[in-house]
Protein chains: 2
Amino acid sequence: MTTANDFAQEHAERFRQELIDFLKIPSISTDADYAAEVRRAAAWLADHMRDIGLSAEVIDTDSHPIVYGEWRNAGPEAPTVLIYGHYDVQPADEADGWDNDPFEPVERDGKIYARGATDDKGQMFTHVKAVESMLKAEGRLPVNVKLLIEGEEESGSGGLTQFVTANPDKLTADVCVISDSSMPDINQPVIIYALRGITAAEIHVSGPAQDLHSGMYGGSVHNPAQALAEIVAQLHNPDGSVAVPGFYDDVRPLSEAERAEIARLPWSEDAWRSITGAPQPWGEPEYSLRERVGARPTLEITGIGGGYTGNGFKAIVPAEARAKILCRLVADQDPARIVEAIKSYVQQIAPPTVHVEVTGSIGAPAVQVDIDNPAMDVARSAYEKGWGSAPVFMREGGSIPIVGVFQQALGVPVVMMGFGLNSDNLHGPNEHFSVEMFHRGINTAIAFLREIAS
Amino acid sequence: MTTANDFAQEHAERFRQELIDFLKIPSISTDADYAAEVRRAAAWLADHMRDIGLSAEVIDTDSHPIVYGEWRNAGPEAPTVLIYGHYDVQPADEADGWDNDPFEPVERDGKIYARGATDDKGQMFTHVKAVESMLKAEGRLPVNVKLLIEGEEESGSGGLTQFVTANPDKLTADVCVISDSSMPDINQPVIIYALRGITAAEIHVSGPAQDLHSGMYGGSVHNPAQALAEIVAQLHNPDGSVAVPGFYDDVRPLSEAERAEIARLPWSEDAWRSITGAPQPWGEPEYSLRERVGARPTLEITGIGGGYTGNGFKAIVPAEARAKILCRLVADQDPARIVEAIKSYVQQIAPPTVHVEVTGSIGAPAVQVDIDNPAMDVARSAYEKGWGSAPVFMREGGSIPIVGVFQQALGVPVVMMGFGLNSDNLHGPNEHFSVEMFHRGINTAIAFLREIAS
């Protein structure tokens, strides 16, 4: 008899082609201009779920739609697995340094290059293909499954949060599994037990009513691009710590035990250097590199702009300039309080010679998952069988805001078993996903469903 | 007999329509993508010169072409007037706040709105129409004229400088007249006797080899947008003076007499506020507003950019960021020395955690014109007769680099008689030119040619 793993291997080529078709849809959730494409991706995924034997629906929210699929014929005694993922992606523009159109996937050297390849279309799709392989090869699943795939993970998960909070009964499960994270090396899988929170703000500086001729008014007007730089330069202290008063007030201190565990993870300065390409490390000197990105809160300028930055130059005093800020938060920091702290500090340092506005969008707090839950053992075993290596447990610097909501609203243990590589360059140009990891991920997802049933 | 002034009035409508046709050509010289449009504008203007009875040619340079037209039948005894102007324009994008496509001119409330309307297509065209009106109405000009209209005033005048330096004999003249400046009020014309110099630089900060995921690397990498802000914030002192060491070393001090003269010009803080729209004045406290923009050197950030500034947000540490700098210089400052001072200061303050590159493009030194030249009296009289008001003499904050070249290479007195208004918003959105000033300018240009002959 053909096993699900055999089936997955026999249909590897088709699975990859389906993923490529899915990646062609530019489902950018952070830009309203792409709303129709996000909807098209949702419809594609729901159709695909129906094709492989699930019942599926597209559920509207106040923002982008959710795709919900289920197969519940394993019987009331069998456990129920909630599989979460997201089908939306970050913005991507070929001009940012891509070697191909980010929405015309290219397979090269065993990797698929496309926006969303690893984050999260590719990783999420491993579960869809695991379910298909079991259904097609074995006629049934050993567990009930609920697939909850959202379309706005990259833009705050507002609609999903509302849906989960309003419909806990529909989503009842024994365990929730998420593949939206990565490992340092293909032979060193990782299970995440802590995620940072996130919150965003934007500083807008305006001065003259419109761009002014720099020869006629420069020197008499506080240049908004200069004033913005002066404000941004005061957001960090010279040692790399965040200068916003109150920013660290609620941070739960790292225990010595945790610091020792973090120190055991393989992440040398050389590895950091070869992945980032930056000339030398930067940041809070009293914390290690790994601590800075996983266990400490940060404030990043994700974008800055004002005036003319095209070819040549324009002899103006620009009318305005803006900077986008994204903070990663750790346990016990309140996103709303951080936004308020930023707003009040920026207004306090804002000079009277320009207008300064700060808007904030409150994200999600950090979360920490209980390592002792039995589902964690199942996940460990699934990696050993399906991936071929035992995982380590670690903190993750990134954020998956919905995890906190699952914990709170559904009371379900969450297992974060990522199938990506740290060097996949998610969110940047040339994002990619290893074909081998795609297929190992399918086998690991199959193993997880099998193990959780036994 | 019809006078040139009668002719200009009878054909006012056609003159305006011709200017509008000319303004439709997006002859942006600072952006290589528009090179063909610059060339199209040159061809249009040369054809137009031929149509009105001049001989004309398009002269290639290493950069954009020059349009040269002449009429030399006034006889060897008659003086020769060199008319300079430029047909190239600043960049313009409707999205910058224009109420119309900047290259689809709109006439509204007695003004023509289009990029280049006042700077300099409209002002320069007054001379073309003055020449046409005299030729058509009177059959001849009282002087010989040479029209030298360049296509790269907004991008450094490199080709023209080379041409003027190499061909002084072709351009021999008794006086040079330029209309590329403005007045505070339609009834207060101004003759410029000093212009600031100009020089440009660009700071490029890079760090990671590509955009990085802010959750995975933020806090361990010196964010290039932040590092750039930290550098830009150190370019000025808290009192608004430029912090670059050596910047003021060669500045010729303002005499008390000059300061008194500057203080007599009408330019209240209220007027400054209503034109700029900025909340309050800024800049070197020991100098008046008018001194800051006309008699002191400045360093402006004309553009800053890095990371993602579109709709929504992108969770990245950007790979790079850049700022464009434009300096206005006063008498005795050397543009090359200023560029070197900026480069060396920025490298000195650049942190080792990022790569910092500074490129400079050397512009032109400041110039000062002799007020006692007889041509200045002719210009004063031309304004009285053609415009209807007597002009004042003043310093100008802007730069017309070629004036220094005319002085040096041709030894010709330069008369800067502008026909624009300070509020025309040149270089910004909704640049416009008053139709009444266009026609008064034609009459003033006619009066100038008549008076210079007598």
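Start by colouring chain A by secondary structure: this predicted model gives chain A 14 helices and 20 strands. Zoom out, and the C-alpha trace of chain A spans about 80 × 50 × 45 Å along its principal axes. Buried residues make up 59% of chain A. Among its contacts with a separation of 6 or more, 79% join residues 24 or more positions apart.

**Into the core**

Next, select A:Cys176. The largest nonpolar core has 279 residues, and A:Cys176, A:Val415, B:Cys176 and B:Val415 touch the most other members.

On helix 5, pick out A:Leu160, A:Thr161, A:Val164 and A:Thr165; on helix 13, their contact partners are A:Ile402, A:Val405, A:Phe406, A:Ala409 and A:Leu410. This contact has 7 nonpolar, 2 polar and no charged residues.

**Across to chain B**

Now show both chains: 85 residues of chain B are in contact with 85 residues of chain A. Elements of chain B that each supply at least two residues to the side touching chain A include helix 7 (224–232), helix 9 (269–276) and strand 14 (320–329). Strand 12 of chain B gives the most to that side, with 9 residues. By class, the side of chain B that touches chain A has 34 nonpolar, 39 polar and 12 charged residues.

**Backbone stops**

- Select A:Asp119 and A:Asp120: the peptide bond between them is cis, with omega near 0°. A:Asp120 lies in the loop between strand 5 (111–113) and helix 4 (121–138) of chain A.
- In chain B, the peptide bond from B:Asp119 to B:Asp120 is cis.
- Go to A:Asn430, in the loop between strand 19 (420–421) and strand 20 (432–434) of chain A. A:Asn430 is not a glycine, yet has a positive phi of about 60°.
- Finish at B:Asp332, in the loop between strand 14 and helix 11 (335–349) of chain B, where phi is near 80°.

Are these last two residues buried or exposed? A:Asn430 is buried, with 21 other C-beta atoms within 10 Å, whereas B:Asp332 has 13 C-beta neighbours inside 10 Å and counts as partly exposed.

Definitions and conventions:
Residues are numbered from 1 along each chain as its sequence is written. Chains are lettered from A and ligands numbered from 1 in the order in which they are written. This is a predicted model: local features need pLDDT of at least 70, side-chain atom pairs count only at pLDDT 80 or more; totals for chains, interfaces and linings use all residues. Two residues are in contact if their C-beta atoms, placed from the backbone, lie within 7 Å. Helices (H or I, at least four residues) and strands (E, at least two) are DSSP runs, numbered from the N terminus. Ala, Val, Leu, Ile, Met, Phe, Trp, Tyr, Cys and Pro count as nonpolar, Asp, Glu, Lys and Arg as charged, and the others, Gly among them, as polar. A residue is buried if 20 or more other C-beta atoms lie within 10 Å of its own, exposed if 12 or fewer, and partly exposed in between; C-beta atoms are placed from the backbone. A nonpolar core is a set of buried Ala, Val, Leu, Ile, Met, Phe, Trp, Tyr and Cys residues joined through C-beta atoms within 7 Å.
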